[in-house]
Amino acid sequence: AAAWQQAGLYEHASVASFARFALELMALQAPPELLLEATRAQADEVLHARACFSMASAFSNAQLGPGELNLSGVMNREVNAKEVLVQTILEGCINETLAAAEAAWLSERATLAPIHRVQKQIAEDESRHAALGWKTVRWILQLHPELAGSAQDAFAKGRRRLSAHSPD
């Protein structure tokens, strides 16, 4: 129950993250296709959070869900291509790719059909979210090739973060 609740909280926070991302894309005058994918990803995260909290509730025999989400300072900064690029690499390209891989791995090992279905759906959706991250990075770099070094730095930062964690 605790693991599903924690997963639900992460998914719930991802709803806000994709909402912010959609606003940032709008500020940067992104093509409509990226906006559509960002809003679809936000809706996916709502469904993921609901599924995770449903599992947590079933395992705990209590109704569990998200609490208040502190949004202080979330949009209190100017949006610029470099910052969106870096955050997209860290959150979209790296974190969403890892989330997809983890959910796929878990779905393959699930012995309960409802868990298998939830993890399989999350894996498919997170793969699409990762692809959105990569498309966004490509779009930003096409418009701002001078940010290639910032992209390389962001990937190196992500690699350092990953190597600091155990394989578990």
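1. K120 has a relative accessible area of 42% and is therefore partly exposed, a class that lies between buried (under 20% relative accessible area) and exposed (over 50%), with a 1.4 Å probe and protein chains only. The areas themselves come from the Shrake-Rupley method with a 1.4 Å probe, and for residues only the protein chains shown count as cover. E124, at 41%, is likewise partly exposed.

2. The model is predicted: local features need pLDDT of at least 70, side-chain atom pairs count only at pLDDT 80 or more, and totals for chains, interfaces and linings use all residues. Residues are numbered from 1 along each chain as its sequence is written, and side-chain values use heavy atoms, with hydrogens and water left out.

3. K120 and E124 form a salt bridge, with their closest N and O atoms 4.0 Å apart; the term denotes a side-chain nitrogen of Lys or Arg within 4 Å of a carboxyl oxygen of Asp or Glu. Both residues belong to helix 4, where 4 residues, about one turn of the helix, separate them. Helices (H or I, at least four residues) and strands (E, at least two) are DSSP runs, numbered from the N terminus.

4. How many salt bridges does a search of the whole structure find? The search returns 7. One of them pairs R128 with D44, at 2.4 Å between the closest N and O atoms. This pair connects distant parts of the chain, since R128 is in helix 4 (residues 113-143) and D44 is in helix 2 (residues 32-60), 84 residues apart.

5. With a relative accessible area of 44%, R109 is partly exposed, whereas E108 counts as exposed at 60% relative accessibility.

6. A network of salt bridges links R20, E24 and E91. R20 is placed in helix 1 (residues 2-27) and is buried because its relative accessible area is 15%. The side chains of R20 and E91 are also joined by a polar contact of 3.1 Å. Such a contact is a pair of N or O atoms within 3.5 Å; within protein, one must be able to donate a hydrogen and the other to accept it, and residues adjacent in sequence count only if both atoms are side-chain atoms.

7. On the surface, a patch of positive charge gathers K157, R159, R160 and R161. Patches consist of residues with over 30% relative accessible area and no salt bridge, like charges being joined within 9 Å and nonpolar side chains (Val, Leu, Ile, Met, Phe, Trp, Tyr) within 5 Å. R159 is placed in helix 5 (residues 148-163) and counts as exposed because its relative accessibility is 56%.

8. Two separations complete the note. F18 is in helix 1 and counts as buried at 8% relative accessibility; F18 and Q152 are 134 residues apart in sequence and 23 Å apart in space, C-alpha to C-alpha. L28 is found in the loop between helix 1 and helix 2 and is buried at 19% relative accessibility. Between the C-alpha atoms of L28 and A49, 21 residues apart along the chain, the separation is 28 Å.

Conventions. Lys, Arg positive; Asp, Glu negative; His and termini not counted. Charge placed at Lys NZ, Arg CZ, Asp CG, Glu CD.
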